[in-house]
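Q: Got a model to go through. Can you take me through the confidence first, then the folds?

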Amino acid sequence: MSAPHKPLPGWADVALIPLINVAAAFIISGLVVLAIGENPIEAVKLLVGGALGNLEGIGFTLYYATSFIFTGLAVALCFHAGLFNIGVDGQAYIAGLGAALVGLYLPLPGYSQAIVAILAAALFGAAFAAIPGYLQAKRDSHIVITTIMFNYIASALMGYLLVNVLRRPRQMNPETQTFPHGGTIPQLHELLKPFGVEWPVTPLNLSFFLSLIAAFVVWLLIWRTRLGYEIRAVGVNPTAAVYGGVSPARITIVSTLLSGALAGGLAVNVILGEEHRLVLEFTAGFGFVGIAVALMGRAHPVGIVLAAILFGVLYQGGAELAFDKPKISRDMIVVIQGLVVLFAGALEHMFRRPVAALLARRVSQPPI
Amino acid sequence: MTDNRGAAPPAIELIGVDKSFGPVHANKNVNLRVERGVIHGIVGENGAGKSTLMSILYGFYEADAGEIRVNGEVVRIRSSREAISHGIGMVHQHFMLVPPLSVLENVMLGAEGGPLLARGAAAVRARLAHLAKEYALEVDPDAIVGDLSVGLQQRVEILKALVRGAEILVLDEPTAVLTPSEADQLFEMLRVLKSQNKTIVFITHKLREIMSLTDRVSVMRRGEMVGTFETAATSPPELADAMVGRKVILKIDKGPAHPGAVVLEARALSVQDDRGVTRLSDVSFTLRAGEILGIAGVAGNGQSELLEALSGIRPLSAGEIWLNGAVLPAWAREPKAMRRHGVGHVPEDRHRVGLIMPFEACESGMLGFHDEKVYGAGVLFDRAAIVADEAAKMEAYDIRPRAPLLRTANFSGGNQQKIVLAREIERNPAVILVGQPTRGVDIGAIEFIHKRIVAMRDAGKAVLLVSVELDEIFALADRIVVLCGGRVTGERRPEETNARDLGLLMAGVAERAA
């Protein structure tokens, strides 16, 4: 006997439920703001104004969104294979090492410098993800546990390298020198200047467009290719996948490789697009934000882009808010993020039943 | 319909019970009256609404409308706890037992009687001893449940209900997992319980069991209660008519087989399951072109492992598979390679194995063949080709609704099975392995599927049919091999055997060496 449940119309499943979940997260955040003695309406005004009110705000918002699109896609790709990759942060961190090694030690002509650096980031991210992937596929070591631990390995390794090996000579900060051979990704204000367009100086760079392309490619991969078909089959029903001649072990490894490569996008955006050198803890936990983004975007690239922009607004607007209202610290953003994970992830089905009941009353469905 | 004018109120009375799951109307205004101290059968095809009705009685679901009366009193049952407090106990088809715990521990689970076990355990132990004497339900209380036979595990389930004070026992398809002799023991047990004035509701779709066990029988069809009969005053054909609403055609038109060359040969196959338990040992048989070889046996006697081994899903621990006169090396015994060799496979469990329920029908309809060029020559799929391919199959196999983009899960059981059949048959395989092709499938689809299988045979294909329904084996097979405990216990021609003879083989009464 299959567990019966009321079916939800497609539009409600894709749009309404995520909206309700996010709204619930924001309402509770509003209560928290109220509890610390600030006006939530005013806070929202400041937050949105700071993120979208002017070109500079928009530039920063989209810069953050770029990172979140990449990490959200990385998490979502593994979701489709039934895997929970919590190690995106560590993979992105190691990817930064790949980009930096090319930037520091491999002089190449013209644009090829940047392209090779991007490829190196993807390669390093994939390679670092491959180890937990292999352990999951062949040794049954749970990928949630291994990827969490690999974040610490990445952190320790990079700390060691930045302090002892790669640090710029004759200075104390654990960071490398600025990449001597160029090969960085152009920022929007530089690009627009020749055309006479004045865009304020923001870290927004071409990686943003790269992330949109990545979102489209992931969509193609998942829904329009054989590999994506096999990934989804393994994710939903590994038994049927085996029956269909698909090897779950192979899919597990391939998915984590691709996920690690996508995680490299975070390093591309931050290291090649903004910092132009390798710095300690540059990932700033954005790999973990990717989990919230993927959950909220329901693992669909369109949803991920939208969720990433929302989180971009939160990060940029939150910084402005913290500046104007010292009582509301940036930790508020972490609270909202946690609530989004709670409602969009852990409690995803909480509103499902009441909404379905409500809709069933309103919309009389034609029998299938 | 009969009407009993007894003075005592009925044990259970359901009045106007109605239940829908979204667009599926599982129970339509159902009325049921079960008298105290009788064995009351409920029959109906799979999906007729029997299990839903019993789940409502047991508090798994709440009815959308209607009333439940227990011993004449209107009650509201919202959980199994409330059900048991009204004296209703349920024995599920899939046992709700914890295998590593002892019988005693399983029985007292959820009724431990306080934080310290000793007192509760002593009380339950005494209760078990009492029940063993009163109802002849003997089980060693200290035995580990995982070590017990399926029949004894079921007995533990019944004891669990009785210890909790059940006066009304509901058994959902209790014989599905039993050997014939275990089923006989169960029936004996139920008769003893009845003699002690317990009320038993027995759900099944096997008419034989209804006739031999029950006092009265209610028939359900498509969510409706179509009638209640005194068992002594009815007959299997009458019940079958009530169940399906029209004459069942079990015998299909089938000419004599014209077997050709041996296509597939199993030589001394042995197979272990995931836990390393040997499920198939030393199984040999041949399969010729143009014949249907039926594999009979009680479910769980190695048939599933045989299908998995022959289709390459499960590795052999010993033995050889020969195809067209050549032995298959180990690397060629995996699903993709077997398909390329022309071995089609309609798996026993379409939900878990044969289809991917959240996928669109057209995506499920290419599972295993998704590598083929027809679905896209380059990197990307050719969506139009995929949809057109499924649309054509839906037309040819009368799959309803004709919606290649609808999720697989939204099709009925019979139509899902046709999606699998269409996929496997349309590739024109030389050998086709068919497992339980009509399980949970409505009668119209059964006829269609049987005709297709015979048509495959007549087209010169080699068909291996695994079924636990003897009627199906007799209707289709040209030759029958019986499995019991993972071994071949006999081979028969359908015209030279009968249900009793096969029943003995299925129960493991091995053939004398010829």
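A: Chain A has a mean pLDDT of 89, and 95% of its residues reach 70 or more. pLDDT is the predictor's confidence in each residue, from 0 to 100. This is a predicted model: local features need pLDDT of at least 70, side-chain atom pairs count only at pLDDT 80 or more, and totals for chains, interfaces and linings use all residues. Residues are numbered from 1 along each chain as its sequence is written, chains are lettered from A and ligands numbered from 1 in the order in which they are written, and side-chain values use heavy atoms, without hydrogens and water.

Q: Where in chain A does pLDDT stay under 50?
A: Residues 1–6 are one such stretch, with 11 contacts beyond four places in sequence. Residues 363–368 are another, with five such contacts. Contact means heavy atoms within 4.5 Å.

Q: Switching to chain B. What is the strand order in the open sheet of six strands?
A: The order is β6-β7-β8-β3-β9-β10, with mixed pairing. Strands (E, at least two residues) and helices (H or I, at least four) are DSSP runs, numbered from the N terminus. Two strands pair if DSSP finds at least two bridges between them.

Q: Which are the edge strands?
A: β6 (88–91) and β10 (224–230) of chain B, each pairing on one side only. Neighbouring strands of the sheet are turned by 20° against each other on average, direction ignored.

Q: How do β6(B) and β7(B) pair, parallel or antiparallel?
A: Parallel, over four bridges; β7(B) covers residues 168–172. B:Ile88 has B:Ile168 as its bridge partner there.

Q: Which strands does helix α6 of chain B lie across?
A: α6(B), residues 180–195, lies across β3, β7 and β8 of chain B, at about 150° to β8(B). Axes are lines fitted to C-alpha atoms, for helices over the stretch in contact, and angles run from 0 to 180 degrees between N-to-C directions.

Q: Now α13(B). Which residues are buried there?
A: B:Ile386, B:Glu390, B:Lys393 and B:Met394. Buried means under 20% relative accessible area, exposed over 50%, partly exposed in between (1.4 Å probe, protein chains only).

Q: Why are those four on the same side of α13(B)?
A: Because they cover an arc of only 105° around the axis. The arc is that of the directions from the helix axis to the C-beta atoms.

Q: And what is on the other side?
A: B:Ala384 and B:Glu395 are exposed there.

Q: What do the buried residues of α13(B) pack against?
A: α12 (361–364) and α14 (413–425) of chain B.

Q: Which residue just after α13(B) takes a positive phi?
A: B:Asp398, at about 50°.
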